[in-house]
Amino acid sequence: MTGIMDKAKPALAGELESVCGRWSERTGVAVEIWALPAGPVTAALRRAVLAVVDEALDNVEAHSGASTTSLAVTCGAHGLRLTISDNGRGFTSTAPGGGTGRMRTAFAELGGRLSVRGVPGEGTTVSGTVPA
């Protein structure tokens, strides 16, 4: 990978807005978008971010009982940072499910890291970074 920015690729921000909008309409769960990348990213990073967001939203729908989910994705000189959180049930299990493994793998393949933290009764947060 030559870097996280690639001027030849379409903007990730529009895709994330579309994914979140369709998901929110279908599920009835509000999505607050706090930040989106201002510029284009590499195709590999785009695929990884979309895979993580899709899986996280699937988990919110299937497990959380949340009424609101928030998303922030930023890109800068140090890389990409992603945070998805919800106000649902949270969890106490330390055993990762298949979805958590897929999300971690998507970022790990690009040298990144991802964590999933649940707080019972307060929700779940997925946080990840991919270095530049």
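Helices, like strands, are DSSP runs numbered from the N terminus, a helix having at least four residues. The legends below describe a predicted model.

**Figure 1. Overall arrangement of the secondary structure in the predicted model.** The protein contains three helices and five strands. Read from the N terminus, these elements follow the order α-β-α-β-β-α-β-β. The chain has 132 residues, of which 39% count as buried. Considering contacts between residues at least 6 apart in sequence, 68% link residues at least 24 apart.

Figure 2. When neighbours within four places in sequence are set aside, Glu 55 contacts Gly 99, Arg 102 and Met 103.

**Figure 3. Packing of helix H2 against helix H3.** Helix H3 comprises residues 98–108. The axes of H2 and H3 are 9 Å apart, and the two helices pack at an angle of about 165°. Because angles over 145 degrees count as roughly antiparallel, H2 is described as roughly antiparallel to H3. The crossing of this pair is left-handed. Sorted by class, the residues in the contact of H2 with H3 are eight nonpolar, two polar and two charged.

**Figure 4. Packing of helix H1 against helix H2.** Helix H1 covers residues 12–27. The axes of H1 and H2 come within 11 Å of each other and cross at roughly 15°. Since angles under 35 degrees count as roughly parallel, H1 and H2 are therefore roughly parallel to each other. The crossing of H1 and H2 is right-handed. On H1, the contributing residues are Leu 12, Glu 15, Leu 16, Val 19, Cys 20, Trp 23, Arg 26 and Thr 27. On H2, they are Arg 46, Val 49, Leu 50, Val 53, Asp 54, Leu 57, Asp 58, Val 60 and Glu 61. By class, the contact of H1 with H2 consists of ten nonpolar, one polar and six charged residues.

**Figure 5. Cys 20 and Cys 75.** Cys 75 has a relative accessibility of 27% and counts as partly exposed. A disulfide is a covalent bond between the sulfur atoms of two cysteines. Zero disulfides are found in a search of the whole structure.

**Figure 6. Trp 34 and its contacts with Ser 70, Leu 71 and Ala 72.** Trp 34 is located in strand E1, residues 30–35. With a relative accessible area of 58%, Trp 34 is exposed. Residues up to four places away in sequence being left out, Trp 34 touches Ser 70, Leu 71 and Ala 72. Trp 34 and Ala 72 are 38 residues apart along the chain, yet their C-alpha atoms are separated by 5.1 Å.

Technical notes. Residues numbered from 1 in each chain as written. Predicted model: local features only at pLDDT ≥ 70, side-chain atom pairs only at ≥ 80, totals over all residues. Heavy atoms only, no water. Contact = heavy atoms within 4.5 Å. Axes fitted to C-alpha atoms, helices over the stretch in contact; angles between N-to-C directions. Parallel < 35°, antiparallel > 145°, perpendicular 65-115°, else oblique. Left-handed = near helix turned anticlockwise from the far one by under 90°. Nonpolar A, V, L, I, M, F, W, Y, C, P; charged D, E, K, R; others polar. Disulfide = S-S within 2.5 Å. Buried < 20%, exposed > 50% of the residue type's maximum accessible area, 1.4 Å probe, protein only.
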